[in-house]
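Here is a short report for a first look at this structure.

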Amino acid sequence: MQPLLETLDLHVSFATDQSPVPVVRGIDLKVGRGEIIGLVGESGSGKSVTCMAAMGLLDDNARLRGEIRWNGRKLHCQDDDAMSVLRGNELAMIFQDPMSALNPVQTIGKQLYEAIRLHSAKRIGRSELKQRATGLLSDVGVPAPEQRLKAYPHQLSGGLNQRVVIAMMLAGNPRLLIADEPTTALDVTVQAQIIDLLRSLRDQRGMSIILVTHDLGVVAETCDRVLVMYCGRVVESGPVAAVFQSPRHPYTRGLLASLPRIDSSDDALTPIPGVVPQPHEFGEGCTFAPRCPVASECCYSGSPAQQCSESDHLFSCFSPLPVQKTRAHR
Ligand SMILES: Nc1ncnc2c1ncn2[C@@H]1O[C@H](COP(=O)(O)OP(=O)(O)O)[C@@H](O)[C@H]1O
Ligand SMILES: [Mg+2]
């Protein structure tokens with residue numbers, strides 16, 4: 001089936017005073033209908049820039065190469081009018097901090113009414129607006145929705161505000177939601193509730209979701225496929241079970257080893273040594289080589305080609321880890 005969103009060899013660089021800085025370097029991404037894709041990788045790996053590129057929301061100093069397709073049709077991200085129609089209707093994005101999407105001096109109700117009006121072809125009367133806004137709030141699990149309409153964002157918790165942002169976005173009934181670390185700023189229990197909400201949106205509305213997160217546990221529970229990004233490239237991707245059961249790239253194994261496990265008596269986490277290089281430091285070879293426990297000489301001289309582990313499980317590494325038949329990443 002045709003993917004809803006697809007990027008083909010997507011490159012993004014930013015113009016600076018010196019030479020352009022490449023931050024996304026050839027991303028192939030496919031999101032099918034009703035699919036939840038996890039995008040993981042340490043800070044600075046280009047996850048947000050990839051998402052912003054798909055939304056057509058990159059800064060003016062960004063240069064884009066490659067292709068982005070929506071429903072099989074090539075998107076011209078520089079075409080602001082076409083992109084804003086798409087953003088308003090089919091594509092929506094939520095961020096780490098819900099307050100960035102809310103107006104602090106307007107009530108929740110007013111902001112919801114505006115979102116509903118924006119997506120409605122005909123004029124809607126006050127009582128219907130109120131009814132629809134209340135419905136949207138209850139769809140996203142906001143308790144006592146009618147009373148919340150009169151509240152201002154600062155009167156609600158972070159978790160409730162994130163639900164309000166999701167409700168505003170649902171007014172347009174988008175087909176794809178890009179959620180960029182939507183729970184990072186929230187308490188752990190609230191995080192789980194928001195993730196449950198995203199999953200139910202997929203189940204009930206068939207919405208596709210790109211979920212950017214640091215939390216590999218959330219990816220394991222929620223996502224169908226995962227893309228592991230490092231320094232602007234996808235180093236490994238595939239069905240979550242295959243990738244997590246038998247990571248072939250040492251970076252993926254490193255991320256998994258730094259994940260706390262509830263079923264392990266060994267409570268010492270193993271962080272990946274070293275730091276993520278800055279974009280201007282990206283060299284010729286594999287960018288992970290300086291931090292990689294199994295790197296050899298060849299890893300410093302060229303970029304590894306993509307290989308296939310099993311169907312749809314891809315990785316790019318000169319010294320891949322052996323296939324694990326049983327779960328044994330730690
Ligand atoms: N407008 C910009 N100009 C220059 N560099 C940028 C700009 N936006 C992002 N970057 C750089 O792009 C890299 C990737 O950033 P980002 O996509 O935010 O990473 P992630 O979301 O994976 O943490 C970072 O090194 C960041 O500093
Ligand atoms: Mg980010």
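## Terms and model

Helices (H or I, at least four residues) and strands (E, at least two) are DSSP runs, numbered from the N terminus. The model is predicted: local features need pLDDT of at least 70, side-chain atom pairs count only at pLDDT 80 or more, and totals for chains, interfaces and linings use all residues. Residues are numbered from 1 along each chain as its sequence is written, chains are lettered from A and ligands numbered from 1 in the order in which they are written, and side-chain values use heavy atoms, without hydrogens and water.

## The site of ligand 1

Helix α1 (residues 47-55) gives the largest share of the shell around ligand 1, three residues. In total, 13 residues surround ligand 1, each with a heavy atom within 4 Å of it. The closest are Gly44, Lys47, Ser48, Val49 and Asp59. The shell divides into four nonpolar, six polar and three charged residues. Here Ala, Val, Leu, Ile, Met, Phe, Trp, Tyr, Cys and Pro count as nonpolar, Asp, Glu, Lys and Arg as charged, and the others, Gly among them, as polar.

For aspartate 59, a side-chain N or O atom is 2.7 Å from a nitrogen atom of the ligand. For asparagine 61, the distance from a side-chain N or O atom to a ligand nitrogen is 3.4 Å. Taken alone, ligand 1 exposes 570 Å², and the protein buries 70% of that (Shrake-Rupley method, 1.4 Å probe).

## Helix α10

Helix α10 (residues 250-257) is largely enclosed by the rest of the structure, because seven of its eight residues are buried (under 20% relative accessible area; exposed is over 50%, partly exposed in between; 1.4 Å probe, protein chains only). They are Pro250, Tyr251, Thr252, Gly254, Leu255, Leu256 and Ala257. These residues pack against β3 (36-40), α8 (216-222), β9 (225-230), β10 (233-239) and α9 (240-245).

Helix α3 spans residues 108-118. Its buried residues are Ile108, Gly109, Gln111, Leu112, Tyr113, Ala115 and Ile116. Their cover includes α4 (126-139), α5 (145-148) and α6 (158-170).

Lysine 122 is found in the loop between α3 and α4. Is lysine 122 buried or exposed? Lysine 122 counts as exposed, because its relative accessibility is 52%. Leaving aside neighbours within four places in sequence, lysine 122 is in contact with Glu128 and Arg132 (heavy atoms within 4.5 Å). Glutamate 284 is 162 residues from lysine 122 in sequence and 56 Å from it in space, C-alpha to C-alpha.

Key. A polar contact is a pair of N or O atoms within 3.5 Å; within protein, one must be able to donate a hydrogen and the other to accept it, and residues adjacent in sequence count only if both atoms are side-chain atoms.
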